[in-house]
Amino acid sequence: MATFIIANCQFGRNGIIKKNKRPFGNVIDMNEEMVQRWNAVVTENDTVMHLGNFAWDPTTAEEMFNILNFKQLLLVPAEHDQPLFEMMSTDMLPDNVKIINRIFEQPTTNATFSYWPMLEWPMKDKGHYLFYGYYGKKYKPDHKKKMINMACEFWNYTPQNLNTLVRLFED
């Protein structure tokens, strides 16, 4: 059982292809390819932490919950996650899908998680990494500052193993 992390998938959002220059011809191809890449690394025994902008609408979100591999999906909300709150308010979120705090700390991995990049974050002075999901070319991962941008655009649209990332950036 591993923990994976990814952000900004925006399943179902056609406009994100052009906006973020994603290498997909259309939203159906994007969704299918991203699901394939997700399921190639994540098993049904794994936890996935998604840092903002999961799906563009409730129907797409529900479809993704049914076809993506995970045992537990933890969602840190962002500006385009209203569909998740709509689903939560109508009890449509599966039991293994949880919306968590906008800033979430995990002391066991010395990590803080957020959608938004921050100059200061909880436990920064104790050596915590900040994993965040806001996509922007000026917000590339910077291991020297212990700030790791997990937007899928930076990681070949594939969830990354959290422990592997921490070891990688500690080296």
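A residue is called buried when its relative accessible area is under 20%, and it is by this cut-off that Thr 47, with a relative accessible area of 10%, counts as buried. The views below are all taken from a predicted model.

View 1. Thr 47 belongs to strand β2, which covers residues 47–51, and its relative accessible area of 10% places it among the buried residues. When its neighbours within four places in sequence are left aside, Thr 47 is in contact with Met 1, Ala 2, Thr 3, Phe 4, Gln 72 and Leu 74.

View 2. Strands β1 and β9, by contrast, run antiparallel and are joined by 2 bridges; here the bridge partner of Ile 5 is Gln 160 in β9. Strand β3 is mostly covered, since 4 of its 5 residues are buried.

View 3. The 15 residues of α2 should span 21 Å at 1.5 Å a residue, and the end C-alpha atoms of the helix are 22 Å apart, which agrees. Val 27, Met 30, Asn 31, Met 34, Val 35 and Trp 38 are buried in this helix; seen down the axis of α2, the buried residues fall within an arc of 125°, so they line one face of the helix. On the other side of α2 are the exposed residues Ile 28, Glu 32, Gln 36 and Ala 40. The buried residues of α2 are covered by elements that include β1, α1, β2, α3 and β3.

**View 4. Gln 10 in the loop between β1 and α1.** Although Gln 10 is placed in the loop between β1 and α1, this residue is buried, with a relative accessible area of 4%. The side chain of Gln 10 makes a polar contact of 2.7 Å with the side chain of Arg 13. Residues up to four places away in sequence not being counted, Gln 10 touches Ile 16, Met 30, Asn 53, Phe 54, Ala 55, Trp 56 and His 80.

**View 5. The largest nonpolar core and a second, separate one.** In soluble globular proteins, nonpolar side chains tend to be buried together. The largest nonpolar core of this model has 29 residues, of which Phe 11, Trp 38, Phe 54, Phe 65 and Leu 73 touch the most other members. Two or more residues are given to this core by each of β1 (3–6), α1 (15–19), α2 (27–41), α3, β3 and α4, and the element that gives the most is α2, with 5 residues.

**View 6. Phe 65 and Pro 94.** With residues up to four places away in sequence not counted, Phe 65 touches Phe 54, Phe 70, Leu 73, Leu 75, Leu 84, Met 87, Leu 93, Pro 94 and Val 97. One of these partners, Pro 94, is found in the loop between α4 and β4 and counts as partly exposed, at 27% relative accessibility. Pro 94 and Phe 65 are 29 residues apart along the chain, while their C-alpha atoms are separated by 7.8 Å.

**View 7. Helix α4 and the residue that follows.** In helix α4, which comprises residues 82–89, the buried residues are Pro 83, Leu 84 and Met 87. Seen down the axis of α4, these residues fall within an arc of 100°, so they line one face of the helix. The elements covering the buried residues of α4 include α3 (58–67), β3 (72–76) and β4 (97–99). Asp 91, which follows α4, has a positive phi near 55°.

Methods:
Residues numbered from 1 in each chain as written. Predicted model: local features only at pLDDT ≥ 70, side-chain atom pairs only at ≥ 80, totals over all residues. Heavy atoms only, no water. Buried < 20%, exposed > 50% of the residue type's maximum accessible area, 1.4 Å probe, protein only. Arc of directions from axis to C-beta. Contact = heavy atoms within 4.5 Å. Core = buried A, V, L, I, M, F, W, Y, C linked by side-chain atoms within 4.5 Å. Pairing = 2+ DSSP bridges. Expected span 1.5 Å × (residues − 1). Polar contact = N/O pair within 3.5 Å; in protein donor to acceptor, adjacent residues only side chain to side chain.
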